[in-house]
Structures are given as structure tokens and as C-alpha cells.
Amino acid sequence: MRDNGDAPSAAMECDVAVVGGGPAGIAAATRAAEHGARVIVLDQGLAPGGQIWRHHDPRHLPRAARRWMERCERSGARWLSEAAVVDGATERGLAVVRRDAAFRVYPRAVVIATGARELFLPFPGWTLPNVMGMGGAQALIKGGADVSGRRVVVAGSGPLVLPVAAAMARGGATLVAVAEQAPLRSVAGFATALWAHPSKLAQAAHYRGAFARRSYHCGTWVLRADGDGRVQQVTLTDGRGRRRVEACDLLCCSFGLVPNTELATLLGCTVVDGTVRTDSVQRTSVPNVFCAGEPTGVGGEQAALVEGEIAGLAASGHEDAARAVSLQRARDDWKRFSTRLASAFHPREELLTLADGDTIVCRCEDVRYHRLNAAWSVRQAKMYTRIGMGPCQGAVCGAACQVLFGWERGTVRPPLGAPRVEAWMETSAQERPSSATA
């Protein structure tokens, strides 16, 4: 699945377009191409794998990841790197901006595998330099960043706490504190249920072993970060009146993952409670549009892989194979795992009151907490403060405001991802030729 760097033609036709190159996208592309479909993978990354299989050296990837990538490459699926889908409609195809090129892809079916984003909840000092999301920190380490000798606090919630703490420890950082906001009873109950998923249990034990000499505190969260020009100390609390202040050079903090549903919403797919609704073969409410992986509910790489397989088979016209009992049972089992994960690591109420009046909520437009009113709608908030209207188009503050104020996400409009206007207009002006090529 190598990208030869050739500039695509102004328009390309294919049987299946897969948007996203993580585990779900790779599995979908592989199964569709293996069944004879012409497949194009459109991925914003520089290399296959998405966030979870991001790698500096393929030899450092898990064996299962290497097998899937090799299998996808043998399948004949075409992979386009740095390719962002900025617009889409059934009749006009997918508008893509890639490096300096703009073009359209006309697929017979689309598989959305756009993954998830981190959930950031604002607290005093969260915008200081060297305060970053756990996923961002993980990406830097996988890209070769040197953290040796750094004093690091990892604090937040969900599936990234353990792997990020482990990566920091293996990278030579000094782990000052590792904190999970979920209470011990929730974490313990979730861990007990992992006996039904031996691979996950072994993975968790592997991560925990990497920093075995450092305590892992449940029911503990960040109150604030302080520093002169960069983060220098972090205040943690257990909510029972006990606080601890830790000196640090780097704070990795986020509170779980949020499904990335913007493209699905733009295409008209039904989204309920923040996840894309799909049927037994991962078909959405829009004909010939399928969805797999985290947009249907955060469940991890195994869940993404099996959903990707089902979606790829169905999108390529092989619904009988997609309905195989083994695939359906595996998908349903991982769906139950996803539900338990969301319940165990749900953000506690105390996190909703961390921000003080001067805390920035929208970094792009410099909107502070005291300017916002929970009684507003999203539209009102945008009109009064421009929150969510900056370059990231609410990718960070949108999910935070849903949690903090109960606001529903606003209308999704093209172009997605804030591309250059010139490039987007170029795709908008293109018409489907009589003989588009794959």
C-alpha cells in the first residue's frame, strides 16, 4: 500500500473509496480489494496506520499491524497520503485536497473510517506550552521525539493513560504522576471484565509493567497547571480535600476520545449520541455509505478491524460474506466492550467545574469561560463570541462545549478541515468527465 507520490488526475472513479487509513480503513480496503473491487484509500496521514498504528519504523509495530499492512499492500488497494476530504455529496463525489492538488473521487460506495479525536476539558493553565493531549504526546514519541530526562505528569481518563505512561517511561522520562479520573471501583470493574478479552488484558498488563515502580492513582485529576512561559507545576486532587503539587516539564492530559463524525454528518448519515448509526453490515442511513471504527463508538483497534472487514465486504457487494457468523459475533462482542469502556471512564461531574472565568475555552478565537452562557444554543454562542469558528472549526472546543453545556454540535458545512479556499474552490468547479479513471 505504498504511495508513489504521483499527482492524481482531476477525477478518478473507483468501486470503493475508504476515508481514513487507520485499522478500520486498512481492514475495509483490504477485504474490498481482495474481492476484486477497485479501492482508493484517502488518508490525511503521511503513512498508513492512523493514530493508533502511527510509526517511525514499521519494525516497531505490533505483529498484527504489520500483517494487516502487508496484506493491504498485496490486495492492490491504492493509498493516497496527505489527502483530506473537504466536501462530499452522492451525486458529485468526494472533493479531495492533497498537497498542492485538488481533485474529485467518484466511488460507487464510501467507507467512512475517520477515527476519533481527544476530548479536552478546559482547566486553568491548559493552554500553557508543554501541556498537550495524550494522543498528541503519543504521536510525538512515535515520531521520534526525545523525552529522556523530562519530568512528566500523565493525567486524564480512558484508554490512552496506560500506553502514554508506558511510552514515556520507555522513552526515559521521569513519571512524576500517573492519574486516572475514574474512581477505583469503575476501573477495577472494567479490569475484571477484561478476562473476556485476553488480548486486552495482556496489553494492559504490558503497559502497566513499563512503569511498575510508579503508582497509578485512580479517582485523581488535574485541578490546574501553572508556570512562567511554560508548564512548571501541576496541582492534582482526589476530590476529598487532598491536593498535591508536582513539579513537571510536560503535562499530558485529555479525558477520553470523541468519535469523528463530521464527514458522516456532511454526507447526511444519521448520528445519534455522537456516534454514526449503522446496520448489521455497517451501512449508514445513506445508500452506499458505510462506516467503521471509532465513528460508530470508541472501542479500540480490534473493534475497528472487525467493523472494517464487514464494511469492506459489504461495500464491495459481498453482503453474504459480511454477514458471516464469526464476523458478526466478533463485532457484537467488541460493541459490548465499547459500551463498558464508555461507562467505566465517563468524565466525572467535578471536571465540568474546573474552568474559572478567565480560562480559555476556544483557543482559536480566544473565547474565555466567563463569556459563555449554558442557556445559549450553539448558534447563539457562535454569533455572540465566535466560539468554534476558528481554523479548527470546533474540533477541540466543540466536544468540550457538548460536555460542559450540553450544546449539540452545530451544522457541519464544507469545506472540512479548513483547507486553502483556492484549493476547495478548485474542486467545487470540477465536473465529472465522461471517462474518469481509477
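**Close-up 1. Lining of the second largest pocket in the predicted model.** In this predicted model, the residues that line the second largest pocket divide into 19 nonpolar, 13 polar and nine charged. The space in this pocket amounts to about 1,200 Å³, and of its 41 lining residues, those closest to the centre are Leu257, Val258, Pro259, Asp273 and Gly274. At least two residues of the lining come from each of strand 7 (116–118), strand 16 (257–259), helix 7 (262–266), strand 17 (271–272), helix 10 and helix 12 (397–405).

**Close-up 2. The largest cavity and the residues around it.** A search of the whole structure for cavities of 30 Å³ or more finds one, and about 50 Å³ of space lies in the largest cavity. Its lining is made up of Gly293, Thr296, Gly297, Ala303, Ala304, Val306, Glu307, Arg331, Trp334, Lys335 and Ser338, with helix 8 (301–315) and helix 10 (325–344) being the elements that give two or more residues to it. Sorted by class, the lining of this cavity holds four nonpolar, four polar and three charged residues.

**Close-up 3. The crossing of helix 8 and helix 10.** The axes of helix 8 and helix 10 come within 9 Å and cross at roughly 140°, and the two helices are therefore oblique to each other; their crossing is left-handed. On the helix 8 side, the contact is formed by Gln302, Ala303, Val306, Glu307, Glu309, Ile310 and Leu313, which meet Leu327, Gln328, Ala330, Arg331, Trp334 and Lys335 of helix 10. By class, this contact of helix 8 with helix 10 comprises seven nonpolar, two polar and four charged residues. Ala303, Val306, Glu307, Arg331, Trp334 and Lys335, which take part in the contact, are also among the residues that line the largest cavity.

**Close-up 4. The crossing of helix 4 and helix 6.** Helix 4 (residues 161–170) and helix 6 (residues 198–210) have axes that come within 8 Å and cross at roughly 40°, so that these helices, too, are oblique to each other, and helix 4 passes helix 6 in a left-handed crossing. Leu162, Pro163, Ala166, Ala169 and Arg170 in helix 4 are in contact with Ala204, His206, Tyr207, Arg208 and Ala210 in helix 6. The contact between helix 4 and helix 6 has seven nonpolar residues, one polar residue and two charged residues.

Technical notes:
Residues are numbered from 1 along each chain as its sequence is written. This is a predicted model: local features need pLDDT of at least 70, side-chain atom pairs count only at pLDDT 80 or more; totals for chains, interfaces and linings use all residues. Side-chain values use heavy atoms; hydrogens and water are left out. On a 1 Å grid over the protein atoms alone, a cavity is a set of points where a 1.4 Å probe fits but cannot get out, and a pocket is an open set with protein on both sides within 12 Å along at least five of seven lines; lining residues have an atom within 4 Å of a point. Grid points are joined across faces, edges and corners, and a volume is the space filled by probe spheres set on the points. Helices (H or I, at least four residues) and strands (E, at least two) are DSSP runs, numbered from the N terminus. Ala, Val, Leu, Ile, Met, Phe, Trp, Tyr, Cys and Pro count as nonpolar, Asp, Glu, Lys and Arg as charged, and the others, Gly among them, as polar. Axes are lines fitted to C-alpha atoms, for helices over the stretch in contact, and angles run from 0 to 180 degrees between N-to-C directions. Angles under 35 degrees count as roughly parallel, over 145 as roughly antiparallel, 65 to 115 as roughly perpendicular and the rest as oblique. A crossing is left-handed if the near helix is turned anticlockwise from the far one by less than a right angle, and right-handed if clockwise. Contact means heavy atoms within 4.5 Å.
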